[in-house]
Amino acid sequence: MKRRTLLAAVAAAATLTGASAWAEAEVTAGFIYIGTPGDGGWTYEHDQSRRKMEAHFDGKVKTIFQENVPESADAERAITQMAIAGADIIFTTSFGYMDPTLAVAEKFPNVKFEHATGYKRSDNVSTYSARFYEGRAVQGHIAGHMTKTNKIGYIASFPIPEVIRGINSAYIHAKKVNPDVEFSVVWAYTWFDPAKEADAARALIENGADVILQHTDSTAPQAAAKEAGNVITFGQASDMADYAPHPRVSSIIDNWAPYYIARVQAVLDGSWESVDTWDGIDTGMVEIGEITDAVPAEVKESALAMVEAIRTGEYSPFTGPLNKQDGSAWLAEGEVADLGTLAGMSFYVEGITDEIPN
Amino acid sequence: MLRLEKRPEPSRAWVALSPLLAVALTMIVGGALFSMLGANPFEAIRTIFWDPIFSPQFSGFTRPQLLVKAGPLILIAIGLSIGFRAGIWNIGAEGQYIMGAICGAGAGLALYPSESPLIFPLMLLFGALGGWAWAMIPALLKTKLGTNEILVSLMLVYVAETILASAASGFLRNPDGMGFPGSRNFKEWGNVHNGELIANTGLHWGVVAAFIAVIGAYVLFSRHIQGFNIRLTGDAPRAARFSGVNPTRIVLFCLGMSGALAGMAGLFEVAGPAGQITIDFNAGYGFTAIIVAFLGRLNPIGILLAGLLMALTYIGGELAQLMLGVPGAAIQLFQGMLLFFLLATDVFSNYRLRLAKKEVA
């Protein structure tokens with residue numbers, strides 16, 4: 001009901017003010033969403049940040065968005081229509097929009113484009129992403145301490161570097177505090193499918209996992225864990241605080257608002273340039289949601305110490321000695337992984353028994 | 001009291017009228033829905049049905065896009081209509097569409113980076129074969145073991161989706177893609193790209209093929225003995241058997257044709273508007289085409305118009321989201337209404353409404 005009234009209000013505002021609102025705003029910012037803001041995860045956080053950004057500029061910036069845009073030929077059309085509708089800057093918020101974003105950008109050289117989680121840029125296309133793996137390290141640390149069965153279930157979306165990095169980071173830090181820990185990975189091949197995600201969570205729990213990590217966007221795994229009772233989870237992309245203090249014991253929150261404000265400000269100032277942004281805990285793009293009392297005080301303390309060390313740059317989650325899954329050497333003692341390797345990471349670290357599907 | 005009375009023969013007037021009535025009813029109820037969501041219903045209906053064709057701001061781009069969106073819908077729906085007329089229910093065109101795209105794209109990518117003009121025709125052949133082969137699974141299971149083609153073809157969609165995910169992140173993955181899923185982009189491969197034949201018209205080979213399929217289906221049903229056999233099998237299976245129609249061959253022909261056309265649609269899409277095999281490459285064309293086939297009364301010309309109408313609601317719906325802030329789910333509801341009202345008004349083709357006299361006690 002809340003959501004419906006909200007939508008109605010938005011729609012009503014758009015109708016009442018009509019074209020005039022478009023003329024008054026100095027800049028129109030468009031957003032292309034892979035899901036709906038109601039997913040409670042990835043798109044929800046992008047939409048929250050869109051609202052914060054719009055509020056920050058107090059009428060100077062108008063935002064428009066389109067939800068549920070598939071990563072297919074439809075994406076290119078949706079982005080083009082948004083550019084024709086008069087958007088000055090367009091944020092395309094999923095990896096699969098990469099080639100369509102570049103194709104449209106070529107046709108609209110005066111419109112600025114911002115593509116999330118991709119790697120292709122041009123004069124009017126920037127890329128931005130967050131170092132989610134920093135948050136994964138904290139999750140792995142807590143998970144390793146908390147598991148009693150030593151089995152940790154991981155619901156993965158697609159075998160892309162971002163997801164593989166997360167699995168590696170969580171595994172390394174779980175293993176560090178609990179050498180007996182084992183990871184089972186389920187590849188769901190979706191970012192958002194509550195039914196599939198719930199099935200995956202239940203299957204993992206039945207196989208003895210008492211910690212569920214997820215790299216998918218819905219709260220369905222949280223609900224499945226709650227049902228099972230003695231299982232803990234972590235919020236993904238969004239705080240998912242509805243499931244705190246148990247099963248959700250902490251979370252990774254994507255906070256895009258500061259970035260969106262900075263980029264739109266740059267358009268207002270005429271200083272926008274194509275950049276590649278990859279921010280983490282240090283700038284606040286990655287936030288760690290409250291660690292609840294379900295976690296013992298000393299574990300919470302050490303987890304927070306890790307957050308602090310990552311924030312100050314004192315510690316990097318991928319620090320040697322680390323071997324690759326096949327046993328070959330990757331990082332020597334004290335060596336820190338370079339960003340290029342991490343960006344294209346397509347291998348597991350030693351100890352993970354799952355195989356990356358292809 | 002009102003009651004329905006079966007007509008001795010389907011009313012021709014109602015058969016022709018019911019799609020128009022369904023569109024009108026959809027506009028009225030959809031308009032009410034939009035106004036409950038706070039949007040001006042007239043503006044919303046105008047944005048959906050008028051702006052994509054006539055708006056000075058958008059039509060330059062959206063008019064060609066109507067053809068791009070309608071092309072695969074029409075091509076698949078024509079194939080489906082052949083089977084539906086014979087009472088053979090291929091619900092898995094989505095899977096055949098995916099397999100056509102994978103086989104066709106795979107055949108082409110195996111020859112990368114050759115610029116030979118023969119690559120595209122070769123891909124088309126493999127695309128058609130891929131879709132055909134995928135449809136042969138339910139066809140053979142039906143003819144040999146008597147399984148239900150509805151279930152088998154539908155289940156194979158999910159198998160195809162898994163193969164698609166595997167192709168995009170594995171055997172068809174772009175070797176220069178830094179480990180990210182997705183094949184090479186055909187748009188960057190000169191001769192092989194299925195681009196616009198005439199600039200800014202949206203006309204690519206897939207749209208041309210859709211028009212050819214419409215004409216082909218028209219000839220099949222009005223001039224060809226096979227078309228007659230198909231209709232006979234659908235209307236009176238026993239009579240068809242007595243007159244020497246081989247039901248096995250009809251099943252193989254119908255499922256094969258619809259599979260091959262869906263596979264071709266997939267290939268045109270992957271080599272053209274989509275550009276690459278991605279995990280989410282399939283956008284539901286195979287399922288939407290079922291609606292298009294019925295909206296067009298399984299008639300080739302009807303399907304052509306229905307495909308264009310469906311494309312219009314898609315693109316108009318996107319504009320309504322963009323310009324009026326109407327939520328995406330409301331647009332899907334709007335499209336669903338179209339089929340619902342069509343089925344509802346369809347009742348009057350076979351039945352008429354009668355005022356029943358009060359029975360005297």
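Two residues are in contact if their C-beta atoms, placed from the backbone, lie within 7 Å. All views below show a predicted model.

**Figure 1. Overall fold of chain A.** Among the contacts in chain A with a separation of 6 or more, 66% are between residues 24 or more positions apart. The secondary structure of the chain consists of 11 helices and 14 strands. Along the principal axes, the C-alpha trace of chain A spans about 65 × 45 × 35 Å. The radius of gyration of chain A is 21 Å, which agrees with the value near 21 Å for a compact globule of 358 residues. Of those 358 residues, 53% count as buried.

**Figure 2. Two cis peptide bonds in one loop of chain A.** The loop between strand 9 (232-235) and strand 10 (248-254) of chain A holds A:Pro245, and A:Pro247 lies in the loop between strand 9 and strand 10 as well. The bond from A:Ala244 to A:Pro245 is cis, with omega near -5 degrees. A:His246 and A:Pro247 are also joined by a cis peptide bond, and here omega is about 10 degrees. Most residues other than glycine have a negative phi, and most peptide bonds are trans.

**Figure 3. Contact between chain A and chain B.** Chain B contributes 39 residues to the contact and chain A contributes 38 residues. On the side of chain B that touches chain A, the elements giving two or more residues are helix 4 (59-85), helix 7 (149-171) and helix 13 (300-324) of chain B. Helix 13 of chain B supplies the largest share of that side, six residues. Sorted by class, the side of chain B that touches chain A has 19 nonpolar, 15 polar and five charged residues.

Figure 4. Phi of B:Arg297 is near 55 degrees, a positive value in a residue other than glycine. For B:Leu298, likewise a residue other than glycine, phi is positive and near 60 degrees. B:Arg297 counts as buried because it has 20 C-beta neighbours inside 10 Å. B:Leu298 has 21 C-beta neighbours inside 10 Å and therefore counts as buried.

Figure 5. An unreviewed UniProt entry places the feature "transmembrane region" at residues 12-34, 66-84, 96-112, 118-141, 150-172, 202-221, 250-268 and 329-348 of chain B. Over residues 96-112 of chain B, the chain is 82% helix and 0% strand. The end C-alpha atoms of residues 96-112 are 24 Å apart. Over residues 150-172 of chain B, the chain is 96% helix and 0% strand, with the end C-alpha atoms 30 Å apart.

**Figure 6. The two assigned domains of chain B.** The domain assignment gives domain 1 (1-37 + 332-361) and domain 2 (64-325) of chain B. The centres of domain 1 and domain 2, taken over C-alpha atoms, are separated by 31 Å. Seven residues of domain 1 of chain B are in contact with six residues of domain 2 of chain B. Helix 1 (12-36) and helix 14 (328-350) of chain B are the elements that give two or more residues to the side of domain 1 that touches domain 2. Helix 14 of chain B provides the largest share of that side, five residues. By class, the side of domain 1 that touches domain 2 has six nonpolar residues, one polar and no charged.

Key: Residues are numbered from 1 along each chain as its sequence is written. Chains are lettered from A and ligands numbered from 1 in the order in which they are written. This is a predicted model: local features need pLDDT of at least 70, side-chain atom pairs count only at pLDDT 80 or more; totals for chains, interfaces and linings use all residues. Helices (H or I, at least four residues) and strands (E, at least two) are DSSP runs, numbered from the N terminus. Ala, Val, Leu, Ile, Met, Phe, Trp, Tyr, Cys and Pro count as nonpolar, Asp, Glu, Lys and Arg as charged, and the others, Gly among them, as polar. UniProt positions are given in the numbering used here, feature names are shortened, and annotations may be inferred rather than shown by experiment. The radius of gyration is taken over C-alpha atoms; the globule rule is 2.2 Å times the number of residues to the power 0.38. A residue is buried if 20 or more other C-beta atoms lie within 10 Å of its own, exposed if 12 or fewer, and partly exposed in between; C-beta atoms are placed from the backbone. Domain bounds come from an automatic or database domain assignment.
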